[in-house]
Amino acid sequence: MLNRRHFLATATAAGLAAPAIVRAQGVLRDFPFQLGVASGDPASDGFVIWTRLAPEPMERHGGMPLTNIPVEWEVAADGAFRDVVARGTTLARPELAHSVHVEVAGLKPDRPYYYRFIAAGERSLRGRARTLPAPGARADAVKFGVAGCQHFESGFFGAYRHLAREDLAFVYHYGDFIYEYSQDYLFDGGLPTRPVRKHAFRALYDLDDFRLAYSQQLGDIDLQAARSVHPFLSSFDDHEIRNDWVSDIDNWKLGLDGNDPDAAPPEVFMLKKQAAMQAWYEHMPVRRSLLPRGGMVALNRELRFGDLMAMQLLDTRQYRDDQPCGDGFKPACPDVFAKKAAVLGKAQEEWLARNLARGGATWNALAQQVTMMALDRRRRPEEKEKIVNLDSWAGYEAPRERMLARMAGLDNCVVLTGDEHQNFCGDLVLKDKVVGAEFVATSISSGGDGSDLRPGTDQFLARNPELKFANDQRGYIVCDVNREAWQTHFMVVDKVTSPVNALSKRATGVVERGVAGIRMA
């Protein structure tokens, strides 16, 4: 425990007036680091370290005074902090919910570091981060995780505790960190059950609502454990704002005609998006370049792991055209084949093309949100016409073909996806030629316990010969990559309806360097 004199001296040095300090300390009625710590967006010389001061996370403003609070930070080469290599003081501002994003630089490449924060006489949990290899340096192997889709009411986050125990360089979180709605019932085998725990809200509309959702989510100690020991590459999908939103379109389509009379018009939806994106930024370990501007976040970015892997983090929501044919799972209408349709938007497509053309990596990874395989979703023999997921790349055939054509000339592309609440892996095929591989990671909790196979999986696999594996359990994937092969391990838990669960490896998909297609090991 650090004393009050130390806190006052630090605060005064940071430029905070003494009366404000006294008032601030007087109202911090509890431990201010209740939401944990995290690191993210690693580089070869550093990373971001994050925390948020919230002694009473479920209260307005997190129980914090509406004033700037100084926060000290330290980065050490050892877990005991005997060798501190960087330190400083920053301000936690009420405008950003007293969150702190420190961009640490000047560190050595390809090694672990430890970090912590000090505020109001209290010390945070110790976190662990890791730098990347130097640009272009030889790297023989990397192992990293992929996770997302974590509905608070659908299950506990025990999978994150298992993920925390993995030896990983980083974790790519594909999105759906929160969900924007509450459920009165879950369903198991068609029968109603109660949610395993309840949201503190019915729906999310303004900044206070979204902050409340993140506060409740980050109170989960298993989620905190994973974020404290692995750097996260943070993305978002739809449920951070509204199911199936794209661009400036509120896309909760409930009507049979694909229209929702309660959907907000674009100018109103963008106000909600601004609030949602600010709350997302406040709770993610991301760089200041991702601070929302006018509701927009510069989400797409590149990570290079030496000369082994170039990973492009894509944004498949903000620049996408509205879903065709009224959205949903249904037969394709002519709009699916519109030549001018966009998923990434022109500027992001050009950015991606430049990055892929640079070369210099054994593997090219595309980390994104929605399935790229154009799968036939029929699971019953009486279904005669092909059904596609119109919120996936299958609803946008022209940009999908452009993407696959770019992969065709590279011979080393692996796509990493989420969204489905299922495990899939399969070949990406363009005009009968395999041009890449796709691994779809299941959910942490969304969908409940699940089962090994959904009903009709035999029909589903038979109609999609490019698909090599399907599974309906919860968990995450681990990618174990070297210069000769890319292995993806599908790690599943037996249940999410209780806080403690058992982990197992359900399957492994392998892509050998220079060999088209996935084989199951």
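## Helix H8 and its length

The expected span of a helix is 1.5 Å times one less than its number of residues. In this predicted model, helix H8 covers residues 397-408, and its 12 residues should therefore span 16 Å, which agrees with the 16 Å found between its end C-alpha atoms.

Several residues of H8 are buried, namely Glu397, Ala398, Pro399, Arg400, Met403, Leu404 and Met407.

## H8 beside H7

Two packed helices are described by the angle between their axes and the distance between the axes. For H7 and H8 the angle is about 10° and the axes lie 11 Å apart. Because angles under 35 degrees count as roughly parallel, H7 and H8 are described as roughly parallel to each other.

On the H7 side, the residues that take part in the contact are Glu349, Leu352 and Ala353, and they meet Pro399, Arg402, Met403 and Arg406 of H8. Sorted by class, this contact of H7 with H8 holds 4 nonpolar and 3 charged residues, with no polar ones. Pro399 and Met403, which take part in this contact, are also among the buried residues of H8.

## H3 beside H5

A second pair is formed by helix H3 (residues 158-165) and helix H5 (residues 221-229), which pack at an angle of about 25° with their axes 7 Å apart. H3 and H5 are therefore also described as roughly parallel, and their crossing is left-handed.

In this pair, Gly158, Tyr160, Arg161, Leu163 and Ala164 of H3 meet Ile221, Asp222, Leu223, Ala225, Ala226 and Val229 of H5. By class, the contact of H3 with H5 is made of 8 nonpolar residues, 1 polar residue and 2 charged residues.

## Helix H4 and its cover

Helix H4 (residues 207-218) has 12 residues, and the distance from its first C-alpha to its last is 16 Å, close to the 16 Å expected at 1.5 Å a residue. H4 is mostly covered, since 9 of its 12 residues are buried, and these are Phe210, Arg211, Leu212, Ala213, Tyr214, Ser215, Gln216, Gln217 and Leu218. They pack against strand E2 (46-52), helix H5 and helix H6 (266-283).

Gly46 belongs to strand E2, and with a relative accessible area of 0% it is buried. Leaving aside neighbours within four places in sequence, Gly46 is in contact with Val104, Ala105, Leu107, Thr131 and Arg287. Gly46 and Ala134 are 88 residues apart in sequence, while their C-alpha atoms are 11 Å apart in space.

Ser234 lies in strand E13 (residues 231-234) and is likewise buried, with a relative accessible area of 2%. Again leaving aside neighbours within four places in sequence, Ser234 is in contact with His173, Trp280, Met284, Pro285, Val286, Leu299 and Arg301.

## Two loop residues with positive phi

Ala120 is found in the loop between strand E6 (112-119) and strand E7 (122-123). Its phi is near 50°, a positive value in a residue other than glycine, and at 15% relative accessibility Ala120 counts as buried, because the cut-off for buried is under 20% relative accessible area.

Asp176 is placed in the loop between strand E10 (171-173) and strand E11 (186-188). Although Asp176 is not a glycine, it has a positive phi of about 60°, and at 0% relative accessibility Asp176 counts as buried.

How values were computed. Residues numbered from 1 in each chain as written. Predicted model: local features only at pLDDT ≥ 70, side-chain atom pairs only at ≥ 80, totals over all residues. Heavy atoms only, no water. Axes fitted to C-alpha atoms, helices over the stretch in contact; angles between N-to-C directions. Helix = DSSP H or I, 4+ residues; strand = E, 2+ residues; numbered from the N terminus. Parallel < 35°, antiparallel > 145°, perpendicular 65-115°, else oblique. Left-handed = near helix turned anticlockwise from the far one by under 90°. Contact = heavy atoms within 4.5 Å. Nonpolar A, V, L, I, M, F, W, Y, C, P; charged D, E, K, R; others polar. Buried < 20%, exposed > 50% of the residue type's maximum accessible area, 1.4 Å probe, protein only.
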